[in-house]
Structures are given as C-alpha cells and as structure tokens.
Amino acid sequence: MVKRALAMVLFLGVVFSLSTFADDSDDSLIRFSGGIGVIPARSNVGLFAPNIVLGVNPGGQPWVIERLSAEAKRDGQISVQGRGLLLGGGNGIGTNGGQSVRARLFCAGVAHDSELVALEPNGNFKIESVLTPLPPDPCANPVLLIVSAGGNWFAAGIPKD
C-alpha cells in the first residue's frame, strides 16, 4: 500500500512538473529570429528618402547585424541577443560606433521599450529587461527595432512563426 501511494505521489509530481513546464512555454507573446541591418535611405521613384519605420528615423550610416534572436513574454519581459551589430559604412566602418541600444517592440504601431545596454566592441549585446509600457496580448502587427539611445533604428528583427 505504501509503495502504491509513493508511486502515485511520484506520478502526480511528474504530471504537475510537465504541466508547469507547458504553462511556461505558453507565456511567449512573440519571437524573432534573424535580423536586418538598416540602410538609411530608400529610393522613391529616383529620389532618396529616409528609411523611416513606424516614425523611427534610421541611423545616419548603414548598420549590419550578424545574428539576432528575441522573445517577448506576456508579462512584458523581453530577452534579446544580438551579435555583430556594427557600422556598415562611413569612417567608423566595422566598429560599434560607441553606441548603446534598446529593444523597441511595436504592437499595432505602439512602441514598448526595454532598458538601454552598451554594445560590446564586436557589436554583441544582450538585453534582459521589462518592456514599458506593457505590450498588449495579442501583439498585433509586431515589429522589433533595435534603436540607439538617441532613438534611431540600427536593426530590425524577423518574426518567427
């Protein structure tokens, strides 16, 4: 009888652990995998215009990014890992330009910002922050920009299904 009770307790513990794990995986609001560096100007019928995204101006020079992954949770927590965010033009080409960046998640055109972090010399960065204001659930038409302290965008995330 004791063995049967112990087996039942262990079984329920495993079921509870698995259900808790399943709940943790359901708290994701949106994920991004891959990144696009900014090209500051776009052509518009032979004219050049700034590459503005949702009212955010581009950085003054091209920027490249080697890798970007991000996940925003329903409680507003965001985790972003970027590699190789570096200037792709100008006299500082191949450097981080002495910049700090934040994640800016747009849901239905409304911005939600993370804290600011400094770029490492090789352009790597890691953001572990809470978005303010808290994004809505669901996040309609999600766009993730990596923006400078001054508010210009350097890179964009690619939404992951």
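User: What should I know before I start?
Analyst: This is a predicted model, where local features need pLDDT of at least 70, side-chain atom pairs count only at pLDDT 80 or more, and totals for chains, interfaces and linings use all residues. Residues are numbered from 1 along each chain as its sequence is written, and side-chain values use heavy atoms, with hydrogens and water left out.

User: What makes up the chain, in helices and strands?
Analyst: There are 1 helix and 13 strands. Both are DSSP runs numbered from the N terminus, with at least four residues (H or I) for a helix and at least two (E) for a strand. From the N terminus on, the order is α-β-β-β-β-β-β-β-β-β-β-β-β-β.

User: Why is the pair of W63 and F154 called stacked?
Analyst: Rings of Phe, Tyr and Trp (its six-membered ring) pair if their centres lie within 6.5 Å; planes under 30 degrees apart count as stacked, over 60 as edge-to-face and the rest as tilted. The count comes to 1 aromatic pair. In it, the ring centres of W63 and F154 are 4.0 Å apart and the planes stand at 15°, so this pair is stacked. It also links distant parts of the chain: W63 lies in strand 4 (residues 63–64) and F154 in strand 13 (residues 153–159), 91 residues apart.

User: How do you know whether W63 is buried or exposed?
Analyst: Buried means under 20% relative accessible area, exposed over 50%, and partly exposed in between (1.4 Å probe, protein chains only). W63 has a relative accessible area of 5%, so W63 is buried. F154 is at 4%, so F154 counts as buried too.

User: And why is G60 called exposed?
Analyst: Its relative accessible area is 67%, so G60 falls in the exposed class. G60 sits in the loop between strand 3 (47–50) and strand 4.

User: What share of the whole chain counts as buried?
Analyst: Of the 161 residues, 36% count as buried.

User: Which side chains make polar contacts with the side chain of E71?
Analyst: A polar contact is a pair of N or O atoms within 3.5 Å; within protein, one must be able to donate a hydrogen and the other to accept it, and residues adjacent in sequence count only if both atoms are side-chain atoms. The side chain of E71 has such a contact with that of S28 at 3.0 Å, and another with that of R31 at 3.1 Å. E71 itself is in strand 5 (residues 67–73).
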